[in-house]
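Colleague: I would like to go through this model feature by feature. Please give the general idea each time, then the case at hand.

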Amino acid sequence: MKIMNVEFVISAVRPDQYPVDALPEFALAGRSNVGKSSLINKMIMRKGLARTSSQPGKTQQLNYYRVNDEVYLVDFPGYGYAKVSKVQRAQFGTMIETFLSDREPLKMVFLIIDIRHEPSVDDCLMYDWLKHYEIPVCVVTTKADKIPKSKWDKHVKMVKKKLGFQTGDYHVLFSSETGLGRDELWAIINQTIAE
Ligand code: GDP
């Protein structure tokens, strides 16, 4: 995908702030520090546009990026941050569930997982929500450059097993360092839009 233009549109904190132009949306979910901002920046070839999503207290913010006037990448707040209060955690849950259950333009969610570690309880909960709301899922195992190639298979198997990865889900190996998986992710987006 040739990136012609990228525009940061809004940090939406309420549904009435979500865009109304009905362009297809692809959301990105993952725990704080998993590498979500780096992945978005790699996807859109802009070094600093996606700010780190791990800031505590921003649990209700959906960041919308419009790419080539064709699609939105929607950055969910990073979850699993230890210092987030119970109230914030509940607010996050309510916002995400409302979004997943009722967001017409949403085409797919990329669930970003650190290839080195077993998915967390929150990762599994997110995956289960996506399945419950019948949202197409692409599991992205990122930071692939952090382990030797020879171990990729074993780790991917471990991640899939823990999540309960289903036939029909997508999986992409990714590295923001090397750009591995970038073209594959755009291909999935383009194919989904074309359907
Ligand atoms: P976020 O909180 O999920 O948005 O995470 P960031 O994108 O801010 O990344 C967290 C840390 O992991 C930063 O220090 C990044 O440089 C690093 N990081 C992210 N992705 C990769 C990757 O693919 N490979 C390596 N080696 N480091 C990464």
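Modeller: What follows goes from the overall fold to the sheet and then to the core.

Modeller: This is a predicted model, in which local features need pLDDT of at least 70 and side-chain atom pairs count only at pLDDT 80 or more, while totals for chains, interfaces and linings use all residues. Residues are numbered from 1 along each chain as its sequence is written.

Colleague: How many helices and strands does the protein chain have?

Modeller: Helices (H or I, at least four residues) and strands (E, at least two) are DSSP runs, numbered from the N terminus. The protein chain has 5 helices and 7 strands, and from the N terminus their order is β-β-α-β-β-α-β-α-β-α-β-α. Its radius of gyration is 16 Å, close to the 16 Å from the globule rule for 195 residues, so the chain is as compact as a globular protein of that length. That radius is taken over C-alpha atoms, and the rule is 2.2 Å times the number of residues to the power 0.38.

Colleague: In what order do the strands of the sheet lie?

Modeller: Two strands pair if DSSP finds at least two bridges between them. Here an open sheet of 7 strands runs β1-β3-β4-β2-β5-β6-β7, with mixed pairing. β1 (6-12) and β7 are at the edges with a single partner strand each, so one side of each has no neighbour in the sheet.

Colleague: Which strands does β6 pair with, and how do they run?

Modeller: β5 and β6 run parallel, joined by 6 bridges, with isoleucine 112 opposite valine 140 in β6. Strand β6 (residues 137-142) is also parallel to strand β7 (residues 170-173), through 4 bridges. Cysteine 138 is opposite tyrosine 170 in β7.

Colleague: Which residues touch the most other members of the largest nonpolar core?

Modeller: In soluble globular proteins, nonpolar side chains tend to be buried together. A nonpolar core is a set of buried Ala, Val, Leu, Ile, Met, Phe, Trp, Tyr and Cys residues joined through C-beta atoms within 7 Å. A residue is buried if 20 or more other C-beta atoms lie within 10 Å of its own, exposed if 12 or fewer, and partly exposed in between, with C-beta atoms placed from the backbone. The largest core holds 45 residues, and Leu28, Leu73, Val74, Phe110, Leu111 and Ile112 touch the most other members. Strand β5 (residues 106-114) gives the most to this core, with 6 residues. Over the protein chain, 35% of the 195 residues count as buried.
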